[in-house]
Structures are given as structure tokens and as C-alpha cells.
Amino acid sequence: MEHNAERGTAQPQRLQISFEHKGSIVTAMQWNVSSSKIYVADDKGRVSVISVSTSRTRNIFQVPTTTLMRLDSKVVQLDFAQDHLLVSTITRCYLCDTNKEQYLTIGKKLRDGEYGACFLSWSEIC
């Protein structure tokens, strides 16, 4: 995966490259809007986090891509809210606490298909 940035009329600049999902198909991406992190998932069940910066000088000291989870099936959907990442795969749904880097399975019954999951805030309802 490659992260590029455009500034005005200048040519796009490559800021970061990640090989974490090489040989896989990226199936979901989700920004953490309160930080500079993007969560990426693929068809092999790997979920990773990339710290993204648009500053070249800050990129020199950046932490590389980190694998958060290796799951048993293709990731269908990701959602993020209040330091929690919701990961939906073909067989299960997981809730990941990104601060503690711990996750738990939601429910006991296995899924059989591409069913997503998302967070719903009360402000979206009212």
C-alpha cells in the first residue's frame, strides 16, 4: 500500500509504503479521525494499523505498519469509534480495544457470508 499527498499544484509525493498486505487483496480501510492512523484489512484476515503523516520530516521517525490481528477469514468491514475497532469477517465479528491491543469475539454463532457491522451513535439517530 502506498500513501501519497498532493499539495496545491505540485506533483503528488510518496510519503510511505507498506508491504504488510503484499500478496493479499485489501478489503477494508478505516480512518481514526482523531489521530493519524488508518486501519487496513485484507482477504486473508490480517488487520494492520499504519501511522500516517503528511510531513516528510515527521515520516523519518514514524513507527512502521503493525499487524493488530490475524483472523480466520476474509475481513468484510471495519468501523472505528472511541478507541475501538469493529472488525467483521465472513465467519465472526470482533471488537478490538486499540489502546490495550486486545480483542474479543462478539456472539457465539458462526456467520456464513459477507455480513458487515458498524457502530451507531445516538447523534445519528436523533
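The model is predicted, so local features need pLDDT of at least 70 and side-chain atom pairs count only at pLDDT 80 or more, while totals for chains, interfaces and linings use all residues. Residues are numbered from 1 along each chain as its sequence is written, and side-chain values use heavy atoms, with hydrogens and water left out.

I start with β8, residues 84-89. Strands here are DSSP runs of E, at least two residues, numbered from the N terminus. Five of the six residues in β8 are buried, meaning under 20% relative accessible area with a 1.4 Å probe, protein chains only.

On one side, β8 runs antiparallel to β7, residues 75-81, with six bridges joining them; two strands pair if DSSP finds at least two bridges between them. Phe-80 has Leu-85 of β8 as its bridge partner. Two residues separate the strands of this hairpin, and Gln-82 has a positive phi near 50°.

β8 also pairs with β9, residues 93-97, antiparallel over five bridges. His-84 sits opposite Asp-97 of β9, and three residues lie between the strands of that hairpin.

Now the pocket. What lines the largest one, and which residues lie nearest its centre? The lining has 14 residues, and Lys-37, Tyr-39, Val-49, Thr-98 and Glu-101 lie nearest the centre. β4 (37-42), β5 (46-51) and β6 (66-70) each give two or more residues to that lining. A pocket is an open set of points on a 1 Å grid over the protein atoms alone, where a 1.4 Å probe fits, with protein on both sides within 12 Å along at least five of seven lines; lining residues have an atom within 4 Å of a point.

Key:
Helices (H or I, at least four residues) and strands (E, at least two) are DSSP runs, numbered from the N terminus. Buried means under 20% relative accessible area, exposed over 50%, partly exposed in between (1.4 Å probe, protein chains only).
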